[in-house]
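The sequence and the structure come first.

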Amino acid sequence: MKLLTFHKNGKLTLGVKTNAGIIDVEDALNVFPENGVFTDIMDMIEGGKGSVRRLEQFVASLDKRGAGYVKQESDITFGPAITNPSKIICVGLNYKKHADETKLPYPKEPILFNKYNNALTGHLNEVTIPRTTERLDFEVELGIVIGKTGKNIEPKDALDYVFGYCTTNDLSARDTQKKSSQWMLGKTSDGFAPVGPYLVTKDEIDNPNALQLKTTYNGEVRQNSNTADMVFSCEEIISYISTYMTLEPGDLIMTGTPEGVIIGRPIEERDYIEPGDTVTVEVEKLGALTNTFVADEE
């Protein structure tokens, strides 16, 4: 099932992508009341397999022909596919060819850093380029959303703790990123974590370690790789993080980016993101996530 959020009456509400369009779950429940069906993505994740099963059954029961609760994507304003994670944990240098292009050794353990909820934004949303950077870069990444609480998780059990997967863009201000040994300043500006368009439940993804990733920058394909090139698999990442902190439902893990980023190009070819540019990042089976960029005029 493909879940999403969109703006409605001053809040973010739950939608489900179907062949007929986007089901507005709240509006559908107003017509056909049903106990146990959530209208908030975080409640859905907290509810686990049971909440997914109830929503699937509810959506399957609906008449989707011309119903008022069926909307088209062009009629909604997307929100981030995950809205309030307790943690956003990112993995650096997790693709072999990306390490190669930046002339850095493969890490012996996952390199972790974080973003915050202020960085979250959605599909087709504008992202403001902070006045503190002149070197804004894109990074297509597979996002993992945790579905149940876990600590000291064994790799063989790790995917049992996953709710679903999403396309993410780890936007990175390379100049501010290099100001200190910690990467936080370059990673956490408002809008620096686009997520979506959808949160796809894990039953639709057979193997997250074999998904194609792509970035298109102003119409030109710049990144084109596969999660098979990751240094650390999804299972290894989840297990490793869980040895240091308890993972909770709704936590978002961004698993690293492949080669093709702007900073990996020769210095004279580094055409960093500018106002008016458009970036689309895509992960196989999860959807394409597009953002346009604007100047900071405040």
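How many positive and negative side chains does the protein chain have, and how far apart do the centres of the two sets lie?

## Charges

The protein chain has 31 positive and 45 negative side chains, and 3 Å separates the centres of the two sets. In this count Lys and Arg are positive and Asp and Glu negative, while His and the chain ends are left out; each charge is placed at NZ of Lys, CZ of Arg, CG of Asp or CD of Glu.

## Basis of the model

The model is predicted, so local features need pLDDT of at least 70 and side-chain atom pairs count only at pLDDT 80 or more, whereas totals for chains, interfaces and linings use all residues. Residues are numbered from 1 along each chain as its sequence is written, and side-chain values use heavy atoms, with hydrogens and water left out.

## Overall fold and surface

The protein chain contains 6 helices and 19 strands, taken as DSSP runs (H or I of at least four residues for helices, E of at least two for strands) and numbered from the N terminus. Its radius of gyration is 19 Å, which agrees with the value near 19 Å for a compact globule of 298 residues; the radius is taken over C-alpha atoms, and the globule rule is 2.2 Å times the number of residues to the power 0.38. Along the principal axes, the C-alpha atoms fill a box of roughly 60 × 45 × 30 Å.

Of the 298 residues, 56% are buried, where buried means under 20% relative accessible area, exposed over 50% and partly exposed in between, with a 1.4 Å probe and protein chains only. Among contacts (heavy atoms within 4.5 Å) with a separation of 6 or more, 75% join residues 24 or more positions apart.

## Aromatic pairs

A search of the whole structure finds 3 aromatic pairs, meaning rings of Phe, Tyr and Trp (its six-membered ring) with centres within 6.5 Å, counted as stacked for planes under 30 degrees apart, edge-to-face over 60 and tilted for the rest. One of them joins F32 and Y69, whose ring centres lie 6.3 Å apart with planes at 75 degrees, so the pair is edge-to-face. Because F32 sits in the loop between helix 1 (25–31) and helix 2 (41–61) and Y69 in the loop between helix 2 and strand 4 (70–71), the pair ties together parts that are 37 residues apart in sequence. F32 is partly exposed at 40% relative accessible area, whereas Y69 is buried at 6%.

The rings of Y240 and Y244 have centres 5.2 Å apart and planes at 55 degrees, so this pair is tilted. Both residues belong to helix 6 (residues 234–244), 4 residues apart, about one turn of the helix. Y240 counts as buried at 18% relative accessibility, while Y244 is exposed at 54% relative accessible area.
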